[in-house]
Amino acid sequence: MSNKVIEVENLTRAFGQFKAVDNITFDVKRGEIFGFLGANGAGKTTAMKMLTGILEPTSGSGKVAGFDIKTQRNKLKYKIGYMSQKFSLYEDLTLKENIRFYGGIYGLRRKEIVERTEKMVERLGLGNIENTLIAEIPLGWKQKIAFSVATLHKPDIVFLDEPTSGVDPITRRQFWDLIYQAAEEGITVFVTTHYMDEAEYCDRISMMVRGKIEAMGTLDELLTKHDAKDMDEVFLKLAR
Amino acid sequence: MIKIENISKSYEVVKALDNISLNVERGKLFGLIGPDGAGKTTLFRILTTLLVPDNGTATLMGLDTVTDYKEIRKNIGYMPGKFSLYLDLSVQENLEFFAKVFKTSVESNFEMIRDIYVLLEPFKNRRARDLSGGMKQKLALCCALIHKPEILLLDEPTFGVDPVSRKEFWDNLKKLQKNDGITTIVSTPYMDEASLCDEVALIQNGKIMAVDTPQNISKGFHHTLFGLKSENNYKTLMFLREMDEVNSAFMFGNSIHLTLHNHKQFINVEQKLREKNFNFSMERIEPNIEDSFMELMEKE
C-alpha cells in the first residue's frame, strides 16, 4: 500500500476563461491531518470536488486512495468519507436510520452495520437518542455524529468541509478529539476551516490563494517562513 | 436605545429564549456571542418585529416592537443570517430595489455606504448569485444601510467567511459607528470578534451567561490559567486529563490551556510531566473571552 493517500500533479479546473484551480501539485501522507485553508472563492471547494470524484479536472492528474481521479471516480468514492457543515445527515430520518442508510450506500453488510452502530453509540454515549430524528438533535451533537457516520465504512481518507462552523467552543474541541482518534486509527483527515486555532491542530497546512497553493508546511515552518506569531497572521499576510 | 425586558419565547417544546433582559446604549457596538441554537436569531426576529415574544417587552428608540412595529421597520437595518437578497438581480439592481422599497434613492444615502461600495463596484453588474461569500456579505450590509437606519441588526454576518473578509467587515462596522454614530447589535459564533465590541452578552441555551465589556469578561475568569506547549500536544492533553490536580485542559491553537484545582499544584504537574519525559514549556497566561465562555458553559 502506498504511503500517500493523495497524490496530485498540475491539477487544474477551468470554468470558461476562469481557472478556479490553477495547476496545483501536492500530496498527503497516510494518517496525516491535513489542513486545507484559503479565502472564500480561492478554489478550495472546486479542488475538493475533484479529489472526491465529483468533478472532472480540466487538466493534470491525481490519485486518491490509490484510484485515479479521472478514470476511477466510482471506485474512489467507496474509499473516502465526506461531511460538511451544510449537509451531513438526513434531518427527517432518525439517528439509527441514517446509519443504516449510509452503511447500505457504502456496501456494508447488515451484520457490519449493526456492529459498528453499537460501537459508535457506545463511544459517543448516544444510547438515549438512537431513535430520535436528526432534526431534533443539537448542532454540536449532529456534527459529531455526522463525522462518525462519514467514517463508518473505515475509509482511507475523510474530507471535512468546515465541519465546526457555528459550533460552541467546547463541542468544537470534542470534535477535534474525534479527528485525532480517527488519525490514530490510520484514517487520513483532510479538513477546511475558518477557525485559525483549528488550523494549528493540523500536522500540515496548505493555503490556497486565487486558485494556487501559495504555502504549505507544518505550523512551525509557516510561522518561521512568514515571520508570524500565529496562523491568523499567516493567513492575513498571504490572502491580502 | 434598545431595551429588552424579561423576554421569553418557546417553539413547541424548545425554550429558545428564557427571560432575557439587555440594554444597549446609543452609538454602541454590541455583540451577541454564542453558538448556533443559543437563541440569537430568535432575539433578532423579535427586535426586527418579525416575531412576537411569549413574555416580556422590547423597545427600540423608545418604540415597542409589538405595537409600534411599522415605525420601527423604517428606522432599522437588518441583515438576516441567511443570505436574503435577490440572487437573480445584479449588485446594482439589488441596491436600487432596496432603496425604492424604503422610498429613497441610492444617491441620496451614498455617503454612508461609499467605503463598502467601492469594494463592490467592479462587480456591480454581476448577479448576486455569482458573488463570493465575502462580496455577498458586503452587498447585504449595503442594502441594510441604504435607508440610513439608526439601528443596525446583524445576524451572524461573518458566518462561514474567511479571516480576511471578516477583518474587512469589522473595519467597516467600526467606521460606521465612528462616522455615523449608528447603534449596532451583531451576533457571531467567533469568539475573537467579541473583543472588537464595546460590550458583549454571552448567550447559551436561551440564557444570558454574562454581559460586560470584553475586557471585564476576560478578567472574570475564576482560575489561574497556564499555557503549555509540547512536542505532541494531543498526547500531553490526554495525559493531563488523567491527573487529579487538573480542573480543565483544552487545546487552544498550538498550546494547551490548563487550570488546576489549586494553582500551587503546578509544581506537581510539571514534575509528573517530566517523569514521563514530556518535552514541554509551561507558563502563566492571561485568559481570553473564549476561556471565559468555556468556563461559564461548564458551570451551567
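Reader: Which strands does helix α1 of chain B lie across?

Author: Keep in mind that this is a predicted model. Helix α1, residues 40-47 of chain B, lies across β1 (2-11), β2 and β4 of chain B. Relative to β2(B), the helix runs at about 60°.

Reader: How should I read the sheet, and in what order do its strands come?

Author: As a general idea, strands of a sheet pair through backbone hydrogen bonds, either parallel or antiparallel. Here, in chain B, the sheet is open and has four strands in the order β2-β1-β4-β5, with antiparallel pairing. At its edges stand β2 (14-24) and β5 (63-64) of chain B; each has a single partner strand, so one side of each is left without a neighbour in the sheet.

Reader: How many bridges join β4 of chain B to β5(B)?

Author: Two bridges join them, and β4(B), residues 55-60, runs antiparallel to β5(B). If you want a pair to look for, B:Leu60 has B:Leu63 in β5(B) as its bridge partner.

Reader: Which strands pair with β11 of chain B?

Author: One of them is β14(B), residues 280-285, which pairs with β11(B), residues 225-230, in the antiparallel sense over six bridges.

Reader: Now the two chains. How many residues does each bring to the contact?

Author: Chain B gives 26 residues and chain A gives 27. On the chain B side, α5 (133-145), α6 (163-180), β12 (246-252) and α11 (289-299) each supply at least two residues. Sorted by class, the side of chain B that touches chain A has 14 nonpolar, eight polar and four charged residues.

Reader: At what angle do α9 of chain A and α6(B) pack?

Author: Helix α9(A), residues 231-239, packs against α6(B) at an angle of about 85°, and their axes are 9 Å apart. Angles of 65 to 115 degrees count as roughly perpendicular, and α9(A) and α6(B) are therefore roughly perpendicular to each other.

How values were computed:
Residues numbered from 1 in each chain as written. Chains lettered and ligands numbered in written order. Predicted model: local features only at pLDDT ≥ 70, side-chain atom pairs only at ≥ 80, totals over all residues. Pairing = 2+ DSSP bridges. Contact = placed C-beta atoms within 7 Å. Axes fitted to C-alpha atoms, helices over the stretch in contact; angles between N-to-C directions. Nonpolar A, V, L, I, M, F, W, Y, C, P; charged D, E, K, R; others polar. Parallel < 35°, antiparallel > 145°, perpendicular 65-115°, else oblique.
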